[in-house]
Amino acid sequence: MAKVEILIAILVCLLLSFVASKELDKDTEQWLQSLRPAMLHVMARKNAAKYQKPNPAKYLDRHKTMFDVVRMALDDYGPQFDQKAKSFLEGLKTSQKTSTPRLTCPSNVQCQQKSRQDYFVLYDKVANALRSDTGSCRACQFLLDILQRMACEESWESVRDDVIVFCEDLLMAPLGLDPIMCNGSITLQGPHVYCILKEATTFEMCESLNHCYPPNNDIKRQMEPLMPPVVKGRLQAKGGLRKQRNKLKGRDKSSQGGILKIVQITDVHVQPVYAIGSPADCPAAVCCIESSTPLDGTEYARLWGEYRCNLPERTLIKILEKINELKPDFVIYAGDSPPHTLWDETLQSQLNVSDIVTNAMKKVFPPGMRVYPNIGNHEMFPTNLYSSRLQSTDEMNAVFTKMWHQLAGFDSEANSTWRELSYYTVLHRPGLRILSINSNYDWYTGNFYNTLNKNDSHNDQQKHYIEEVLTNARRDGEKVIIISHHPVSNCVVRTARWWRDVIIRYSDVISLHVSGHTHIDEFFLTIDPETDIAKGVNLVTPSVTTYTRINPSLRVLELDNNTYDLINYKSYFFELDKQNPDVDPQIVLNYDVRTDYNMTDLSPHGWQKFALRFLDDEPLFQLWYANQHAMVEKGPCALDGICGPRCKRDAICRIWLPIVDETDYCIDNWRNITRSPLSEDEQMTMSSATFTRSVLVCFGLVTIATALLIG
């Protein structure tokens, strides 16, 4: 059989095994349904046996169950294909080992002669794992085992074209996306993934993707007491809320010693080739480029930006000019300057965009205005991939040090640590210290090299550095503002647990922790399990870029000038839909935390009380949810802009227990513990996070792995 036919046979079997035991969310169901006609298209493209091509529309009928879809697909393929699939699987059980030569691989991976029997056993393990609610880890490991064997036995060059074909026809085509994204992205990222496959164990890789977690046998005992409604009842019963409020009474009023004003911006994602009049809606991930293909009924790019596009440079300039008007004491930039065009980037193009951003700041801001930077995942080349072993990382570190030295006012020590691994500390003034950490390193799940970085001496070096800075700050009576591009919700679980311990131990030193990356306005708590009281809060600022449907935003943080406690913050935005080409954009106040949320205490515990109010105060929760996207109707679970019960459950669990395995536990057990009135349609046996990761990663890996390995 041709390898394409084998791929389809295994996908059919896995699909049948999976849908027999799972309820599918609508997005995943539509994707799986659309895979069927896409597989036929692949077969025709690869000159496999010709089968009749069904009408794709009937596969997308939402009234059809997955059983209906599979049955229709098998009918369309005909008995000839059905028989070939059965014959192939029977052949796997009985065939002998092939004569594949034994190769030597580095580190923990040892190549072995492969047999079709081996692959059948792995297929069976994957199918069984997918039938389990906790199968994400096991399925991930089994599938990566297949990819590891492929990496040992085949060169990247020999499989690259097949990977691109399957990306174009099985991933892009069913979603109606432009296949142009596959070639560049796979060509840039593929060799690195290959390298990692040869050096890491399957558990290490799946752990870094947050499919497998470090052992935590007591998660039920640990998590149930921390569920939001349980904590609320316990704190009320023992007077914890009242006692803590009295203890922090001094924070319930505006500063008596003046205000230290900070402006934070993040995720500008400037698009140097933004083209006015180009399609604003297109089948690619990013539009508003001359080469963009318009969709039916598309609108065209306007002067100041569009929601499906990265940011025009002129809009960034207006945001910087607004910052000048606000007269801050200093500015925080949480990273991510380059656009989201992963398939069309070079090291020089990435550096050029960072240069555009720093030059704009030097041009607009007055001399002496300090801008404290952080490095995001899009500064990397290729995007997301940061490791001390990469020459591109070393070159970027060197250039970034020169770019930011003047704006940040780096001393020699900060220059040295930023140059080495993109973290630093500076004393802004006596009593107030800035600590900028590199959250790409053994933190962000999108950096595939974190599988290897965790064993890198630089990883321990940064962790020791962070704790040393905080220890010395406590000794010297300093408060510390921490900047990280990624919030804890995007963190590898093993690192997130270490970070929680750091936040709790140094809560008396940390004045503020700000992040970006998610493009939305949100916050995450660090709760001390010994006291039920939040010891830290991670404030995430919405993006300047419009990409992912958000209005360009900035945040003003107001700290007490003596204690450096946070006493207020205000969010500003530019309503993109109100833009006028003849008038400069009006960047206005969106909301004021103290006024609009009625918050007088902005300590971590104050944010904990705010989150507890969501349980009973529906208008407050919906207002906060609308502000997440700077008043653009948006949301993964929202209907007409309203966040329903399931959406609300997910949001509160992410705020309260932001470490991924704990978020999933909270979502999975929400109804049992809270007796939340979810409708039948909204009840799920798995968290949406666990379920989506399991489906998309497993089927994506099966698609690629079987296409590359067998035949």
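Glu522 is buried, at 4% relative accessible area (buried is under 20%, exposed over 50%, partly exposed in between, with a 1.4 Å probe and protein chains only). This is a predicted model, where local features need pLDDT of at least 70, side-chain atom pairs count only at pLDDT 80 or more, and totals for chains, interfaces and linings use all residues. Residues are numbered from 1 along each chain as its sequence is written, and side-chain values use heavy atoms, without hydrogens and water.

**Around Glu522**
- Glu522 sits in strand β8, residues 522–527 (strands are DSSP runs of E, at least two residues; helices are runs of H or I, at least four; both are numbered from the N terminus).
- Leaving out residues up to four places away in sequence, Glu522 touches Asn538, Leu539, Val540, Trp624, Gln628 and Arg654 (heavy atoms within 4.5 Å).

**Around Leu209**
- The loop between α9 (202–208) and α10 (219–223) holds Leu209.
- Leu209 counts as partly exposed because its relative accessibility is 32%.

**Confidence**
- Mean pLDDT for the chain is 76, and 68% of its residues reach 70 or more (pLDDT is the predictor's confidence in each residue, from 0 to 100).
- Residues 39–71 stay under 50 in pLDDT, and the model gives them 73 contacts beyond four places in sequence.
- Residues 77–117 are also below 50, with 69 contacts beyond near neighbours in sequence.
- Where pLDDT is low, predicted coordinates should not be read in detail.
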